Amino acid sequence: MLEPALLFLAGLMAGVLNAVAGGGTFITFPALVFTGVPPVMANATATVAALPGYLAGAAGFRHEITAMRDVPMARLTLWTVIGGAIGSVLLLVSSNEAFSILVPFLLLGATVIFYWAEPIRRAASRWQSVVTPFGLGTLLPMAIYGGYFNGGLGIVMLAVFSMWGMRDLHQMNGLKCWLSFALSVIAFAIFALGGQVA
């Protein structure tokens with residue numbers, strides 16, 4: 001019963017973290033690896049496991065999402081799904097060995113962004129003149145990263161939204177939950193077809 005209890009608690013904590021700011025995969029991915037799931041499958045499974053939490057978060061922020069009149073929601077969702085699909089396919093063609101070599105660097109990068117989220121958001125406001133709001137130059141790499149490795153995606157998204165000039169944290173969280181849900185749906189389909197969901 002230890003492993004199911006551990007995975008249940010990891011999922012519960014990850015859902016709370018993802019709804020508030022992000023970083024839930026920091027808990028679920030290591031928990032899955034600890035229980036013996038191979039790294040690529042653990043990453044794919046952690047992404048799929050976050051899907052209901054993202055949907056619940058988007059539902060919780062539905063009023064903030066519908067209040068965003070100047071945000072091209074359909075275009076952002078489409079390109080997030082495309083980027084997520086690219087990242088998910090890249091994960092499927094990665095071997096466990098190659099992914100295991102990358103994971104420490106991905107975790108380190110996501111941890112740095114997670115830890116320094118507020119200074120990054122402040123610095124991002126200075127980059128607004130060179131970053132196109134809702135532009136593919138920031139959206140697509142973010143979505144590819146999320147499809148390949150979901151860890152820290154929420155924090156990365158919040159930093160990107162800040163670079164776009166968004167300031168309402170509730171709207172940013174709502175958009176983050178919605179786009180993360182859209183990304184996770186396509187990732188789920190690709191990972192399931194690739195037989196990588198435990």
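## Asn 43 in helix H3

Asn 43 sits in helix H3, residues 39-60. Helices here are DSSP runs of H or I of at least four residues, numbered from the N terminus. Asn 43 is buried, with a relative accessible area of 0%; buried means under 20%, with a 1.4 Å probe and protein chains only.

What does Asn 43 contact, leaving aside its neighbours within four places in sequence? Its partners are Phe 29, Leu 91, Phe 99, Tyr 148, Phe 149 and Asn 150. Contact means heavy atoms within 4.5 Å.

## Basis of the model

This is a predicted model: local features need pLDDT of at least 70, side-chain atom pairs count only at pLDDT 80 or more, and totals for chains, interfaces and linings use all residues. Residues are numbered from 1 along each chain as its sequence is written, and side-chain values use heavy atoms, leaving out hydrogens and water.

## Ser 100 in helix H6

Ser 100 belongs to helix H6, residues 96-115. Its relative accessibility is 34%, so Ser 100 counts as partly exposed (between the 20% and 50% limits). The side chain of Ser 100 reaches the backbone oxygen of Asn 96 at 2.7 Å.

Pro 38 lies 62 residues from Ser 100 along the chain. Their C-alpha atoms are separated by 9.4 Å.

## Helix H10 and its ends

Helix H10 covers residues 169-193. Its 25 residues should span 36 Å at 1.5 Å a residue, and the end C-alpha atoms are 36 Å apart, which agrees. The expected span is 1.5 Å times one less than the number of residues.

Asp 168 caps the N-terminal end of H10. One of its side-chain oxygens lies 2.9 Å from the backbone nitrogen of His 170. Just after H10, Gly 195 takes a positive phi of about 65 degrees.

Technical notes
Helices (H or I, at least four residues) and strands (E, at least two) are DSSP runs, numbered from the N terminus. A polar contact is a pair of N or O atoms within 3.5 Å; within protein, one must be able to donate a hydrogen and the other to accept it, and residues adjacent in sequence count only if both atoms are side-chain atoms.
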